[in-house]
Amino acid sequence: MQVKTQLEDLQNYLTDASNMQGGTADKLFIPESADEIAQILREANENKIPVTISGARTGTVGGAIPFGGYVVSLEKLNKIKSIDREVRTAVVEPGVILADLQKAVEAEGLFYPPDPTEWSCQIGGTVATNASGAAEF
């Protein structure tokens, strides 16, 4: 797991597509497993440190902007673990880019119905915010 504390390393994680200003953070964590996330959250909880989850930062309402505490980036949690054509399910990590998931399910003759206006978003963000997009089927 990478841990960064220098402002130049944190800078890209202090903004999102909202262009809201004023983001700050003490540490940036880039975990590669659920166990590492649990470790970060356990430490933050024990020390009452706020945590902001950072995905692709394509949101327009400022939800990815930290105002102190820790930032946890999901960028390395980007694996499509399985796609079950028969049951029509996919198991993915939260940092999977939506365009990559769409291509993977289409290759199986399936589709993922939400159609956000931003294809570079991460699946974790679309699920967490109930983002669905404008497509009509």
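pLDDT is the predictor's confidence in each residue, on a scale from 0 to 100.

**View 1. Confidence across the predicted model.** This protein model is predicted. Its mean pLDDT is 90, and 93% of the residues reach 70 or more. Confidence is highest in strand β2 (residues 27-30), at 98, and lowest in helix α4 (residues 123-129), where the mean is 83.

**View 2. The buried side of helix α3.** Helix α3 spans residues 98-107, and Leu98, Leu101, Gln102 and Val105 are buried in it. These residues lie on the same side of α3 because they cover an arc of only 100° around the axis. An α-helix has 3.6 residues a turn, so residues three or four places apart point the same way. The partners of the buried residues of α3 are β5 (80-84), β6 (89-92) and α4, against which they pack.

**View 3. The other face of helix α3 and the residue after it.** Lys103 and Ala107 are exposed, on the face of α3 turned away from its buried side. Glycine 109 follows α3, and its phi is positive, near 80°.

**View 4. The two faces of strand β3.** Strand β3 is made up of residues 51-54. Thr52 and Ser54 form its covered face, whereas Val51 and Ile53 form the uncovered one.

**View 5. Pairing of strands β3 and β4.** Strand β4 (residues 70-73) pairs with β3 in the parallel sense, over four bridges. Within this pair, isoleucine 53 stands opposite valine 72 of β4. Isoleucine 53 belongs to the uncovered face of β3.

Conventions: Residues are numbered from 1 along each chain as its sequence is written. This is a predicted model: local features need pLDDT of at least 70, side-chain atom pairs count only at pLDDT 80 or more; totals for chains, interfaces and linings use all residues. Side-chain values use heavy atoms; hydrogens and water are left out. Buried means under 20% relative accessible area, exposed over 50%, partly exposed in between (1.4 Å probe, protein chains only). The arc is that of the directions from the helix axis to the C-beta atoms. Contact means heavy atoms within 4.5 Å. Two strands pair if DSSP finds at least two bridges between them.
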